[in-house]
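Here is a short note to read with the model open beside you. Take the points in order and find each residue as you go.

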Amino acid sequence: MHAEFAPIAASDRTAFEALFRLHYRALCAFASGYLKDADKAEDLVQDLFFRLWLDREKVQVTTSVKAYLYASVRNRCLNAMKSGAKLRALNEDVDDRLEELERTEDEHTERIARVQAAIESLPEERRKVFKLSRYEGLKYHEIAARMGISVKTVENQMGSALKTLRSELKDLVPLLPWLFLLSDGGG
């Protein structure tokens with residue numbers, strides 16, 4: 001251990017405070033040159049002195065204390081810059097994913113709106129049959145009883161509704177399996 005650090009290693013607070021006062025401002029300026037941020041530079045140097053005091057008995061200072069402090073600040077700055085670069089890359093990745101999610105949600109909302117508009121554009125009786133079947137889960141004979149029409153009329157109205165919806169929504173490829181599933185229901 002370097003003789004200059006021996007009093008600090010022996011828990012001499014006065015020696016530590018003198019070391020702090022002697023090098024603190026210059027180390028902050030040195031760190032600021034790397035980080036381009038005075039507040040971060042001060043935080044980094046304060047943390048260095050804090051850790052130095054906590055680990056004073058374990059620290060191995062083989063060069064001058066000044067050289068040790070500057071090397072420590074430089075290494076901490078490089079680590080901070082590396083972490084900052086990783087964080088920026090991570091933030092950019094998160095931003096990209098959020099944009100993609102928003103775009104996907106917008107597309108999903110648009111698809112739902114198109115499906116709803118297509119359903120609402122069906123003739124009234126056909127729309128009613130379709131909604132009773134698909135939204136309320138009624139069987140064809142239950143729809144017929146509720147609306148006072150024949151089961152055959154319900155089947156015809158559902159067939160026409162599905163044909164119209166398939167035609168109007170054919171560009172919504174992800175919905176086609178859903179629409180085909182709809183055609184199997186009822187009965």
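1. Start with the cysteines. The sulfur of Cys-28 lies 9.9 Å from the closest cysteine sulfur, in Cys-77, so the two are too far apart for a bond. A disulfide would need the sulfur atoms within 2.5 Å. Cys-77 is likewise in no disulfide, as its nearest cysteine sulfur is that of Cys-28. A search of the whole structure finds 0 disulfides. Bear in mind that this is a predicted model.

2. Are these cysteines buried or exposed? Cys-28 is buried, with a relative accessible area of 7%. Cys-77 is also buried, at 0% relative accessibility.

3. Now look at helix α2. Its buried residues include Phe-16, Leu-19, His-23 and Tyr-24. Leu-27, Cys-28, Ala-31 and Leu-35 of α2 are buried too. An α-helix has 3.6 residues a turn, so residues three or four places apart point the same way. What covers the buried residues of α2? The cover includes α1, α3 and α4. The helix is not straight throughout: α2 bends by about 45 degrees at His-23.

4. Next, the largest nonpolar core. This core has 23 residues. Which of them touch the most other members? They are Phe-5, Val-45, Phe-49, Leu-52, Leu-69 and Val-73. Four helices each supply at least two residues of this core: α1 (6-9), α2 (13-35), α3 (38-54) and α4 (65-120). In soluble globular proteins, nonpolar side chains tend to be buried together.

5. Leaving out residues up to four places away in sequence, Val-73 touches Leu-27, Phe-30 and Ala-31, along with Leu-44, Val-45 and Leu-48.

6. Turn to the aromatic rings. The count comes to 6 aromatic pairs. Phe-16 and Phe-49 form one that is edge-to-face, with 6.0 Å centre to centre and 75 degrees between the planes. Phe-16 lies in helix α2 and Phe-49 in helix α3, so this pair ties together parts that are 33 residues apart in sequence. Both Phe-16 and Phe-49 are buried.

7. Phe-49 also pairs with Phe-20. That pair is edge-to-face as well: 4.9 Å centre to centre, 75 degrees between the planes. Phe-20 is in helix α2 and Phe-49 in helix α3, 29 residues apart, and the pair links distant parts of the chain. Phe-49 counts as buried, at 3%.

8. Ring pairs link Phe-16, Phe-20, Tyr-24, Phe-49 and Trp-53 into a cluster.

9. Finish at Met-158. This residue lies in helix α7 (residues 151-168). Met-158 counts as buried, because its relative accessibility is 0% and buried means under 20%. Which residues does Met-158 touch, not counting those up to four places away in sequence? They are Val-129, Phe-130, Ser-133, Arg-134 and Tyr-140. Met-158 and Arg-134 are 24 residues apart along the chain, and their C-alpha atoms are separated by 10 Å.

Methods:
Residues numbered from 1 in each chain as written. Predicted model: local features only at pLDDT ≥ 70, side-chain atom pairs only at ≥ 80, totals over all residues. Heavy atoms only, no water. Buried < 20%, exposed > 50% of the residue type's maximum accessible area, 1.4 Å probe, protein only. Contact = heavy atoms within 4.5 Å. Core = buried A, V, L, I, M, F, W, Y, C linked by side-chain atoms within 4.5 Å. Phe/Tyr/Trp six-rings, centres within 6.5 Å; stacked < 30°, edge-to-face > 60°. Bend = angle between axes of the 7 residues up to and from the residue.
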